[in-house]
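Welcome! Take a moment to look over the structure below, and then we will walk through it together, one topic at a time.

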Amino acid sequence: MEIPFLDLKIPHRELEEELVQVFRDGLRNASFIGGMQVESFEKEFAQFCETQHCIAVNSGTDALRFALIAAGIGPGDEVITVPNTFIATTEAISQTGATPVFVDIDERTYNIDPNKLEDYLKNRLQPPASSLQPRPRAVLPVHLYGQPADMDSIQEIADRYGLMVIEDACQAHGALYHSKKDDQWKKAGSMGLASAFSFYPGKNLGACGEGGAVTTNDEGIAQKIRMLRDHGQAKKYYHEFEGYNGRLDAIQAGILRVKLRCLNEWNEKRRHNASLYTQLLLPYTLHSTPNTRHLSLITPHEPEWAKAVYHLYIIRTKKRDELQKYLSENGIHTGLHYPVPLHLQGAYANNGFKKGDFPVTEEVSSEILSLPMFPQLTEQQIRYVADNIKQFLKLRLDFNTQHVTRNTQYLTPKPL
Ligand SMILES: *Cc1c(COP(=O)(O)O)cnc(C)c1O
């Protein structure tokens, strides 16, 4: 059996008539930039995210950059994020003129660890930074793999230190976070001052090309981003400042409108697939005791305050490279998200980071493996993947379930 890591052909086959119609309408109306499709998509996506505004842009990277610029981030500012993310998060920070800095992640959720954020800020501000040093201005949590970060804790710390919170929701369309403070479930992308989404084809909501969006409840920020994406103009050829060409084109907006109608169903299917993987792998998921740590397989952990949308399904094992090779030999394609933490990338070689700076991220990056995950994955395919993982553990690790305590912390997934 051959199992792709991601199959983008199936949804496009299913929606082909509607998608081709969007393209045909675009051609016939010769309407490619802005217009009805873009405005309607913005309304519909804002509604989906439960925010007042959505501003459609060229990419998730633009969405991040524009959100930061519109929030007033620039030279002399520090923006705090995690080293376990895609480089677009930190590129966007640097490209505003600000400095990206990192705090380590939580070992179970793989997202920013609020305690480490607090520690960083405590140490960073004492003694008070000189006026020449960059000052922390914002925190940019990433809802990685479709799992929401712990937003109540992050917001509470940010409020105490006077920081803005901007969400990187590029992998988390539709993910939910239960805010204890407000006693309600909230959509990823509706909690920060502004939030960035990507519609790169492989994301949970993907265009047939590039695309992105910012969501916000702040009228001023929305206004500013509308101008930033369009050369700093609110009226054609009247430029209040230099902006960018960062618009979403009309055909992509039309395509996204068609796909948005399927997003809830697709996310439910991803959650169903994730729970099947977790159930099948459960007998091989071990407590991390010193004796069994080298054998253990760790499946994703969903805290009770989270409903993840499984952009990726990540397992963790010390034998990652061997397992990946074994799966590949058996026709199963997997991925690594991400193999090299950002602070150890060549791009940041001059930023003064060293190995050991962010130990959780570093350990995790050598152990994580992304299994095939997409809505149309079949039960048979999932069973085949799980069977192969079992086979590997038996063959290579002389695995014997009788010798180990089972992990009973598995939570059944809640409906979205
Ligand atoms: C995809 C992604 C981005 C960037 O989105 P593009 O549309 O590719 O520019 C940013 N952050 C994260 C976490 C992403 O996964």
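Tyr 177 has Ala 306, in strand S13, as its bridge partner. Keep in mind that this is a predicted model.

**A three-stranded sheet**
- S7, S6 and S13 form an open sheet in the order S7-S6-S13, with antiparallel pairing.
- Strand S7 (184-187) and strand S13 (306-307) are at the edges with a single partner strand each, so one side of each has no neighbour in the sheet.
- Strand S6 (residues 176-179) is joined to S13 by two bridges, in the antiparallel sense.

**Two helices side by side**
- Helix H6 (residues 114-124) and helix H7 (residues 151-161) have axes that come within 9 Å and cross at roughly 15°.
- An angle under 35 degrees counts as roughly parallel, and H6 and H7 are therefore roughly parallel to each other.
- The crossing of H6 and H7 is right-handed.
- On the H6 side, the contact includes Leu 117 and Leu 121, while the H7 side includes Ile 154 and Ile 157.
- Sorted by class, this contact has six nonpolar, one polar and three charged residues.

**A buried strand**
- Which way do the side chains of S14 point? Tyr 313, Ile 315 and Thr 317 point one way, and Ile 314 and Arg 316 point the other way.
- In a regular strand, side chains alternate between the two faces of the sheet.
- Five of the five residues in strand S14 (residues 313-317) are buried.
- Strand S12 (residues 297-298) pairs with S14 in the antiparallel sense over two bridges, and Leu 297 stands opposite Thr 317.
- S14 also pairs with strand S15 (residues 368-371), antiparallel and over four bridges, with Arg 316 opposite Ile 368.

Key:
Residues numbered from 1 in each chain as written. Predicted model: local features only at pLDDT ≥ 70, side-chain atom pairs only at ≥ 80, totals over all residues. Heavy atoms only, no water. Pairing = 2+ DSSP bridges. Axes fitted to C-alpha atoms, helices over the stretch in contact; angles between N-to-C directions. Parallel < 35°, antiparallel > 145°, perpendicular 65-115°, else oblique. Left-handed = near helix turned anticlockwise from the far one by under 90°. Contact = heavy atoms within 4.5 Å. Nonpolar A, V, L, I, M, F, W, Y, C, P; charged D, E, K, R; others polar. Buried < 20%, exposed > 50% of the residue type's maximum accessible area, 1.4 Å probe, protein only.
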